[in-house]
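Subject: Structure handover and notes

Dear colleague,

I am passing on the structure we spoke about, with my notes set out below it. Please read them with the coordinates open beside you.

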Amino acid sequence: MFDAAAANLLSPMVLFFVLGLLAGLAKSDLTIPEAIAKGLALYLMLAIGFKGGVAVAESGLGGDLVGLIVVGVALSCLLPVLAFAGLTGLCRLDRVTAAATAAHYGSISIVTYVTADSFLRQVGTSFNPGMVAVAALMETPAIVVGLLLARGGAAFRGGALRGGLWRETLLNGSVVMLVGSFAIGWITGPKGMEAVRAFALDPMKGVLMLFLLDMGLVAARRLREANKLRAPLLLFGVAMPLVSAAIALTLATLSGFAAGDAALLATLAASASYIAVPAAMRLALPEADPGIYITLSLAVSFPFNIVAGIPLYLAAAEFLAR
Amino acid sequence: MFDAAAANLLSPMVLFFVLGLLAGLAKSDLTIPEAIAKGLALYLMLAIGFKGGVAVAESGLGGDLVGLIVVGVALSCLLPVLAFAGLTGLCRLDRVTAAATAAHYGSISIVTYVTADSFLRQVGTSFNPGMVAVAALMETPAIVVGLLLARGGAAFRGGALRGGLWRETLLNGSVVMLVGSFAIGWITGPKGMEAVRAFALDPMKGVLMLFLLDMGLVAARRLREANKLRAPLLLFGVAMPLVSAAIALTLATLSGFAAGDAALLATLAASASYIAVPAAMRLALPEADPGIYITLSLAVSFPFNIVAGIPLYLAAAEFLAR
Amino acid sequence: MFDAAAANLLSPMVLFFVLGLLAGLAKSDLTIPEAIAKGLALYLMLAIGFKGGVAVAESGLGGDLVGLIVVGVALSCLLPVLAFAGLTGLCRLDRVTAAATAAHYGSISIVTYVTADSFLRQVGTSFNPGMVAVAALMETPAIVVGLLLARGGAAFRGGALRGGLWRETLLNGSVVMLVGSFAIGWITGPKGMEAVRAFALDPMKGVLMLFLLDMGLVAARRLREANKLRAPLLLFGVAMPLVSAAIALTLATLSGFAAGDAALLATLAASASYIAVPAAMRLALPEADPGIYITLSLAVSFPFNIVAGIPLYLAAAEFLAR
Amino acid sequence: MQLHRKKRIEIIAEAAIVPLLVEALHEAGASGYTILPALSGGGHHGAWSESAMSSAMQMQMILVIASPDLAAGIAARLQPLILQYKAILAVSDVEVIRGDHFA
Amino acid sequence: MQLHRKKRIEIIAEAAIVPLLVEALHEAGASGYTILPALSGGGHHGAWSESAMSSAMQMQMILVIASPDLAAGIAARLQPLILQYKAILAVSDVEVIRGDHFA
Amino acid sequence: MQLHRKKRIEIIAEAAIVPLLVEALHEAGASGYTILPALSGGGHHGAWSESAMSSAMQMQMILVIASPDLAAGIAARLQPLILQYKAILAVSDVEVIRGDHFA
Ligand SMILES: Nc1ncnc2c1ncn2[C@@H]1O[C@H](COP(=O)(O)O)[C@@H](O)[C@H]1O
Ligand SMILES: Nc1ncnc2c1ncn2[C@@H]1O[C@H](COP(=O)(O)O)[C@@H](O)[C@H]1O
Ligand SMILES: Nc1ncnc2c1ncn2[C@@H]1O[C@H](COP(=O)(O)O)[C@@H](O)[C@H]1O
Ligand code: NA
Ligand code: NA
Ligand code: NA
């Protein structure tokens with residue numbers, strides 16, 4: 001496990017993330033233009049989706065994929081309830097902000113997933129190529145659960161689920177990009193990959209490296225801009241990923257999933273959304289405080305997962321799989 | 001021909017275009033930042049121009065190139081007259097909007113050309129490497145013809161051709177980028193290509209794929225934003241490319257051009273500008289309705305050429321070349 | 001030497017720079033979106049820093065590196081004094097604008113450095129892989145010297161060095177990016193490079209080529225937008241690089257540095273900052289005229305170095321090393 | 001040259017709700033609007049700056065020129081949204097060329 | 001602290017004609033101007049939003065602060081272009097620090 | 001529907017000094033501000049346009065809505081910076097919904 005942690009910490013990706021964190025905390029004026037960062041994010045979704053689709057075309061849907069999807073979606077529905085209990089009970093957050101925050105922890109961060117994917121490849125642990133589809137399917141159920149927690153049944157009658165929200169949720173850009181690229185990779189298969197691999201595959205780790213630099217900068221800036229987070233909330237931002245990962249690993253072990261699949265499932269469970277869910281929550285729950293939920297997911301849980309979480313989840317998964 | 005159509009439809013490029021169209025029509029919030037899309041477009045012009053120049057340095061100007069240029073420029077001058085007749089006669093468009101729209105159809109779309117180029121390579125049909133110079137030379141003559149159609153002789157006396165318009169037309173960014181990259185490729189030859197191939201050549205198809213995703217999104221958004229196009233105009237957007245391609249193929253056959261050259265010439269004739277010409281028309285013919293000409297060229301004719309036109313023109317060219 | 005000059009002039013990089021200059025002077029509307037250009041600049045810093053760090057990890061710190069750093073930093077401190085004397089004495093510039101301009105010439109242009117690096121590789125001249133660290137260390141000392149020249153001792157007491165300026169200077173984005181990437185390259189070594197070479201190494205020359213196109217456009221636009229520069233100032237923009245390079249080459253020869261190292265040191269001495277220093281000067285010396293110092297460094301000295309300076313400095317370095 | 005008295009309405013709101021506001025503008029009868037980007041800002045909820053990570057606090061500005069009567073109607077129609085989403089709506093006097101262009 | 005009464009001129013026009021308008025501003029004697037980007041909008045000709053495909057409907061905003069007299073001159077000088085290209089020009093009252101900076 | 005009289009302060013300044021101005025705004029007691037990008041411009045020091053090479057002449061716009069009293073305080077507090085860095089500060093009258101939102 002120490003080897004894995006070192007391999008992670010000494011990879012250029014994680015080091016650039018740390019560089020971004022440090023530069024941001026030291027108030028360096030280093031910034032990556034917003035358009036570039038958005039472009040890199042779109043690229044990563046395209047690349048990871050496409051790669052997954054091509055892998056499925058090559059090696060078929062692994063037998064476990066249905067099971068992985070069921071467990072993943074169940075986690076996306078159940079984890080928000082747990083997070084909500086913790087946030088209202090232990091952190092004494094107001095009901096609506098707690099529900100909005102809970103939704104973030106049920107959903108996933110695709111960049112965390114991409115980092116885990118490249119980490120697993122680096123240490124040579126194999127996993128189901130369809131895993132990226134699990135990631136896509138876990139993005140949105142938590143949003144509905146969050147709204148139910150905030151509004152109860154009124155979520156369906158009243159305004160919360162009206163208007164652009166369904167579209168925002170089901171057709172949000174990252175889901176479309178991931179699912180679309182996965183489908184196209186599946187359709188075109190290795191021949192398609194051959195045509196575009198110099199763009200869609202080879203530079204992926206390097207792009208991730210530059211993107212993580214920006215994530216570090218943004219996370220540090222968010223920490224500085226945020227009205228101070230109280231200690232219990234900060235603690236939640238570290239504890240919740242650990243709890244989510246533990247639950248995911250338990251379910252994975254009970255289901256007999258392979259270590260690589262279990263580690264990725266734990267990573268997805270532990271990761272929190274900072275793109276799709278905040279946008280939905282601003283629309284549906286405008287009285288929830290974005291300063292809380294964005295800061296927690298982006299500036300606390302994301303760095304924790306990238307730097308320490310991923311190798312930890314893999315080590316635990318391998319231990320449980322023995 | 002069915003094979004060619006399938007090869008086209010199942011290429012990742014066309015599938016991403018379709019993904020963009022579907023996402024846009026379904027009002028997904030997936031968008032590619034404007035700066036990124038502009039950067040991708042510049043990259044494609046650089047790459048296709050440079051590649052063409054290097055190819056000419058390697059294999060010399062094919063004997064047919066002068067003929068291809070003459071026919072191409074003639075098409076760029078004559079097709080607007082035809083389009084103008086159709087738009088005023090059959091579609092009952094006002095004179096000025098019809099003239100502005102006609103200019104678009106005489107000019108060309110470089111992304112359509114790049115897509116055709118990569119399609120021909122994929123199916124193994126060779127063509128004259130100088131073809132990209134033909135594309136560059138067909139960009140602008142149609143603008144002058146369009147102005148003449150709108151204003152008659154007054155175009156030269158009055159305001160239309162004054163001011164920044166000549167510069168806008170002759171030095172517009174895409175022409176400079178194409179011609180400049182072509183010249184630099186020609187000067188530096190294979191040695192230059194070796195130095196920059198990992199940037200300028202290898203990722204090109206992948207970049208095209210991402211760019212076509214954006215084109216699909218933009219075309220769909222344009223369709224939704226446009227005040228409704230009447231049926232005759234929609235029909236024009238499909239019929240005009242077919243007519244233009246048929247004329248180009250006839251001239252190519254009479255001139256004895258090879259099938260690959262004929263197919264590319266037909267593609268250029270069939271494609272309509274949506275960058276250089278709209279900008280010129282807004283300046284020179286402000287009373288023409290941009291909602292008509294941008295929507296027609298970008299949201300009707302462009303998708304038609306990408307999805308169905310290119311393999312069709314190649315099939316016809318090969319049939320005629322037998 | 002003529003061979004070297006020709007090799008430089010006929011490289012795609014320099015030709016794209018010339019294309020940009022010509023297009024800009026001809027008032028073409030070709031532009032590269034600001035965000036893309038900023039992204040390319042960040043990429044170049046990341047790539048050159050990372051490459052340098054990996055090279056140091058592979059071949060160790062050359063014995064000369066300490067000497068190179070000492071000489072480089074000394075040049076960064078001394079050249080501004082010389083430039084200041086020339087600007088006030090010969091060009092009759094006011095004290096504050098002269099001091100601000102002088103600071104630019106003590107600092108360096110990283111793109112000029114990257115161009116020289118790729119030129120040396122092309123002609124097969126080796127150099128110390130830690131040279132990029134010398135570049136990073138030469139970025140900022142000149143700023144302090146410039147402030148001293150403008151304000152005398154008051155620079156430390158009064159406002160000039162207050163506030164954000166120290167941070168602006170020491171933690172400015174380009175320094176952080178260069179030094180950070182260098183350190184990460186050093187830590188991760190060849191294994192890190194292997195993971196990201198398709199992004200961080202292979203496309204570098206091509207990216208430089210596109211970036212130089214933009215530099216050409218910007219330099220030409222700056223020349224056109226500037227209130228006319230008087231002849232003595234224009235002359236300064238060409239003479240100062242030559243003088244700086246001559247001094248650097250002399251010191252390099254006395255120190256016994258290898259020809260490649262001497263040529264790079266001369267290039268750094270001859271190059272003038274147009275990113276970090278202008279930003280610092282606007283804050284610290286608001287009464288200095290940016291129209292002078294940006295135009296001189298960006299639109300006069302930069303083109304001179306790229307087109308003629310770099311091969312000249314190498315030729316001189318090789319001559320002196322014999 | 002004749003200038004016509006109109007109202008200038010400026011709305012600062014989160015990007016996420018701008019589509020809702022534009023829809024409401026249409027319903028209120030506005031004949032046109034223009035949306036401008038913002039880079040960063042600060043207020044009761046702390047500071048924000050644009051970032052690719054999340055558009056959740058990204059603000060935009062909507063600008064509408066309208067006749068005084070229509071402007072009153074627009075303000076009334078938008079008020080609930082402005083209150084619910086804590087946006088800013090500010091009205092001022094302007095004079096325009098082409099008075100007939102504005103409903 | 002003294003404030004000086006000036007006029008604020010705001011022009012919304014297509015990017016393509018902004019250079020023509022700036023030229024006209026110079027001719028009218030404006031001592032300065034600032035151009036701001038726009039993201040999207042809507043009007044009698046339908047909606048637009050910025051896209052790489054075509055800047056043909058892309059709008060920008062030009063902002064000019066000027067003395068009342070100069071402002072009247074600017075409006076008069078720009079009127080034909082405003083009418084021809086269907087742009088928007090709106091004038092309002094402002095007070096500035098540094099009155100002498102503005103022609 | 002009730003509208004409340006406020007002041008609209010618009011500052012055009014170089015990007016490099018915007019952080020200094022924002023700090024001064026806080027000190028003056030402004031409860032909020034929004035920063036908008038600019039593309040290009042021209043003035044006594046010649047023309048500029050945004051470019052990656054140097055943000056040295058890049059301008060931004062700061063927008064602040066404030067009560068008349070606070071606005072006077074802000075103008076007074078910012079005046080030295082405005083003079084030193086040759087920025088522009090213009091104040092105008094606006095009416096807002098949600099009067100209590102603004103200090
Ligand atoms: N007084 C103000 N003037 C200008 N913009 C403001 C003002 N108050 C708030 N804003 C903008 O509205 C956003 C949200 O404000 P708030 O709800 O007060 O946090 C801020 O981040 C600013 O961008
Ligand atoms: N009343 C208005 N207020 C603000 N912007 C407008 C208004 N009318 C038109 N515009 C802008 O000008 C563009 C062209 O307007 P139109 O010629 O009416 O289609 C629109 O897309 C808007 O960006
Ligand atoms: N009268 C004005 N109206 C609007 N913007 C101005 C004005 N004067 C100056 N500016 C802006 O402030 C910048 C610097 O002005 P100056 O110091 O006069 O060169 C210009 O480039 C413009 O962006
Ligand atoms: Na999760
Ligand atoms: Na055509
Ligand atoms: Na120097």
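Through which surfaces do the copies meet, when the interface residues of chain B are set against those of chain A? Only 8% of the interface residues of chain B are also interface residues in chain A, so the copies meet through different surfaces. Please keep in mind throughout that this is a predicted model.

The arrangement of the copies comes next. Chain B can be laid on chain A by a turn of 120° with a shift of 0.0 Å along the axis, and the RMSD is then 0.0 Å. The two copies are thus related as by a three-fold rotation axis. For chain C, too, a turn of 120° and a shift of 0.0 Å along the axis give a superposition on chain A with an RMSD of 0.0 Å. Of the interface residues of chain C, only 8% are also interface residues in chain A, so here again the copies meet through different surfaces. Some pairs of chains stay apart: chain B and chain D do not touch, their nearest C-alpha atoms being 10 Å apart, and chain A and chain F do not touch either, with a distance of 10 Å between their nearest C-alpha atoms.

The axis of helix α5 (residues 95-106) of chain A comes within 9 Å of the axis of helix α16 (residues 290-321) of chain A, and the two cross at roughly 35°; the crossing of α5(A) and α16(A) is right-handed. On the side of α5(A) the contact is made by T97(A), A100(A), T101(A), H104(A) and Y105(A), which meet I292(A), Y293(A), L296(A), S297(A) and S301(A) of α16(A). The residues of this contact of α5(A) with α16(A) divide into five nonpolar, five polar and no charged.

Y105(A), which takes part in that helix contact, is also one of the protein donors of the sodium ion (ligand 4). The donors of this ion are Y105(A) (O), S107(A) (O), L268(A) (O), A269(A) (O) and S271(A) (O), and they lie 2.4 to 2.8 Å from it. Their spacing in sequence is Y-x1-S-x160-L-A-x1-S, and among them L268(A) and A269(A) are buried.

Finally, chain D. Its two helices and six strands follow one another from the N terminus in the order β-α-β-β-β-β-α-β, and its C-alpha atoms fill a box of roughly 45 × 30 × 20 Å along the principal axes. Of the 103 residues in chain D, 67% are buried, and among contacts between residues at least 6 apart in sequence, 79% join residues at least 24 apart.

One residue of chain D that I followed up is S67(D), which lies in the loop between β5 (59-66) and α2 (68-84). Is S67(D) buried or exposed? With a relative accessible area of 17%, S67(D) counts as buried, because the cut-off for that class is under 20%. Neighbours within four places in sequence aside, S67(D) is in contact with K6(D) and A103(D).

Notes:
Residues are numbered from 1 along each chain as its sequence is written. Chains are lettered from A and ligands numbered from 1 in the order in which they are written. This is a predicted model: local features need pLDDT of at least 70, side-chain atom pairs count only at pLDDT 80 or more; totals for chains, interfaces and linings use all residues. Side-chain values use heavy atoms; hydrogens and water are left out. Copies are superposed by least squares on the C-alpha atoms of residues with pLDDT of at least 70 in both. Contact means heavy atoms within 4.5 Å. Axes are lines fitted to C-alpha atoms, for helices over the stretch in contact, and angles run from 0 to 180 degrees between N-to-C directions. Helices (H or I, at least four residues) and strands (E, at least two) are DSSP runs, numbered from the N terminus. A crossing is left-handed if the near helix is turned anticlockwise from the far one by less than a right angle, and right-handed if clockwise. Ala, Val, Leu, Ile, Met, Phe, Trp, Tyr, Cys and Pro count as nonpolar, Asp, Glu, Lys and Arg as charged, and the others, Gly among them, as polar. Donors are N, O and S atoms within 2.8 Å of the metal (3.2 Å for Na, K and Ca); water is not among the atoms, so sites may look incomplete. Buried means under 20% relative accessible area, exposed over 50%, partly exposed in between (1.4 Å probe, protein chains only).
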